[in-house]
Amino acid sequence: MSDCSSTEQRLARRLAALRVEKEWSLEMLAEITGISRASLSRIERGETSPTASLMNRLCIAYGLTMSRLLSEVEEPGPQHLRLHEQSVWQDHESGYHRRSISPPASNFYGELVEGRLISGARISYDAPPVEGIEQHIWMLAGVLVFSMNDEQWRLEAGDCLRFHLFGRSSFHAPEAEGAHYALVVCR
């Protein structure tokens, strides 16, 4: 089993455990998230990996950032992570590739994430997992159009955007080279 599939299996187990901790049935979670009971069941059994949009809905329900949820499924590790040790999660449906650069740790507030979107990819979120969470996007290459509610920013290589996340948001790579960026999440 590859690292990616073992991460996905640990994610499936953690999502199932979170639901049990809340004492929610699959039906109740389906009602809260708007995700079908069948899809939730397949996700919790590790038969399918959730898309970025579905992950966001689950994070909202559980009151966790995506970074926090993914760090919870990482095996405890050292303070120093080499590139090949960093956890990678992909949403093949949307063309989103996410690398957790910061070593997993529950006692730190900031996290560094590398994001890549293929050309034309768009990820949309109905709401943040934690209202008002501080984030910073630093563009490494390509172009990213980031939208939050009715505001929109076009970010190019070297640009940095700092904000508190409220409401709807989306990440879109409109150009042929896609978008490569660093995201800092401060809990």
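Trainee: Which residues does leucine 117 touch, not counting residues up to four places away in sequence?

Mentor: Keep in mind that this is a predicted model. Leucine 117 touches Gly95, Tyr96, Ile123, Leu144, Phe171, His172, Ala173, Gly178, Ala179 and Tyr181, with residues up to four places away in sequence left out.

Trainee: What makes Leu117 stand out in the largest nonpolar core?

Mentor: That core has 45 residues, and Leu117, Ile137, Leu144 and Tyr181 touch the most other members.

Trainee: Why are α2 and α4 called roughly perpendicular?

Mentor: The axes of α2 (residues 26–33) and α4 (residues 52–62) cross at roughly 105°. Angles of 65 to 115 degrees count as roughly perpendicular, so α2 and α4 get that description. Their axes come within 9 Å.

Trainee: Which residues make the contact between α2 and α4?

Mentor: From α2 come Leu29, Ile32 and Thr33, while α4 brings Arg57, Leu58, Ala61 and Tyr62. These contact residues divide into five nonpolar, one polar and one charged.

Trainee: How do you know whether serine 87 is buried or exposed?

Mentor: Buried means under 20% relative accessible area. Serine 87 has 12% relative accessibility, so serine 87 counts as buried.

Trainee: Where does serine 87 lie, and what does serine 87 touch?

Mentor: Serine 87 belongs to strand β1, which covers residues 87–91. Not counting residues up to four places away in sequence, serine 87 touches Thr7, Glu74, Arg98, Arg99 and Ser100.

How values were computed:
Residues numbered from 1 in each chain as written. Predicted model: local features only at pLDDT ≥ 70, side-chain atom pairs only at ≥ 80, totals over all residues. Heavy atoms only, no water. Axes fitted to C-alpha atoms, helices over the stretch in contact; angles between N-to-C directions. Helix = DSSP H or I, 4+ residues; strand = E, 2+ residues; numbered from the N terminus. Parallel < 35°, antiparallel > 145°, perpendicular 65-115°, else oblique. Contact = heavy atoms within 4.5 Å. Nonpolar A, V, L, I, M, F, W, Y, C, P; charged D, E, K, R; others polar. Buried < 20%, exposed > 50% of the residue type's maximum accessible area, 1.4 Å probe, protein only. Core = buried A, V, L, I, M, F, W, Y, C linked by side-chain atoms within 4.5 Å.
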